[in-house]
Amino acid sequence: MSTTIISKTCPKCGKVYDKKTYSGHGKVKDSDRYEYGSPIKKCPSCGHLFADRDFHEIAIEGIRKQDEKTFKTSDIVMALALIGAGLACVFGLDYAAGWFFAGLGVLIFVAGLVEAPIKRKRLEIEKAASEARMQNPSYVAALRAIGVYVPAKYLPKDSVSDAGHQ
Ligand SMILES: [Zn+2]
């Protein structure tokens, strides 16, 4: 299977601060690059603070529908194709290959069931971390400085228009 490696570099010193491997080659879709976490990064080489817009605060943007599903659509398609190929082999009397393919298909489903609660837990932890970051006014100010939309509930009280409440 071919892969694409994306090296992210610091906008100030140009050193690589993160390297990610994606399956397939060519352009990696933004939706595949989507990660949960703070979009504010600090360069380990020069200490420069900058934005990495692949990262998204759960407290602001929530969790994507696709990340809440137990099975990815692509996994279901792959699993059904393997089970189908397996049954075709069984009917073609190639039992060994048949059970092999069908077994792989079933494994994908089992892996999905095992992974789902782990993934859910990880997202819960990241959500709490995100909420905690958003309680820090200087963090919120830094987010706004790089152009991230911040909902009013996280803005400092004195910056929110409060006319009529006095
Ligand atoms: Zn740097």
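A caution to begin with: the model is predicted.

I'll take the domains first. Where they meet, seven residues of domain 1 contact eight residues of domain 2. On the domain 1 side, that surface has five nonpolar and two polar residues, with no charged ones.

Now to the helices. H4 covers residues 73-91, which is 19 residues. From first C-alpha to last, H4 reaches 27 Å, close to the 27 Å expected at 1.5 Å a residue. Just past the end of H4, Leu93 has a positive phi of about 70°.

Next is H5, residues 95-134. How do H4 and H5 cross, and at what angle? Their axes come within 7 Å of each other, and the crossing angle is roughly 160°. Angles over 145 degrees count as roughly antiparallel, so that is how H4 runs relative to H5. The handedness of the crossing is left-handed.

Which residues make the contact between H4 and H5? On the H4 side they include Met78, Leu82, Ile83, Gly86 and Val90. On the H5 side, among them are Tyr95, Trp99, Phe101, Phe109 and Gly112. Asp75 is also one of the H4 residues in the contact. By class, the contact has 18 nonpolar, four polar and one charged residues.

As background, residues three or four places apart on an α-helix point the same way, because there are 3.6 residues a turn.

That is the end of my part.

Terms used. Residues are numbered from 1 along each chain as its sequence is written. This is a predicted model: local features need pLDDT of at least 70, side-chain atom pairs count only at pLDDT 80 or more; totals for chains, interfaces and linings use all residues. Two residues are in contact if their C-beta atoms, placed from the backbone, lie within 7 Å. Ala, Val, Leu, Ile, Met, Phe, Trp, Tyr, Cys and Pro count as nonpolar, Asp, Glu, Lys and Arg as charged, and the others, Gly among them, as polar. Helices (H or I, at least four residues) and strands (E, at least two) are DSSP runs, numbered from the N terminus. The expected span of a helix is 1.5 Å times one less than its number of residues. Axes are lines fitted to C-alpha atoms, for helices over the stretch in contact, and angles run from 0 to 180 degrees between N-to-C directions. Angles under 35 degrees count as roughly parallel, over 145 as roughly antiparallel, 65 to 115 as roughly perpendicular and the rest as oblique. A crossing is left-handed if the near helix is turned anticlockwise from the far one by less than a right angle, and right-handed if clockwise.
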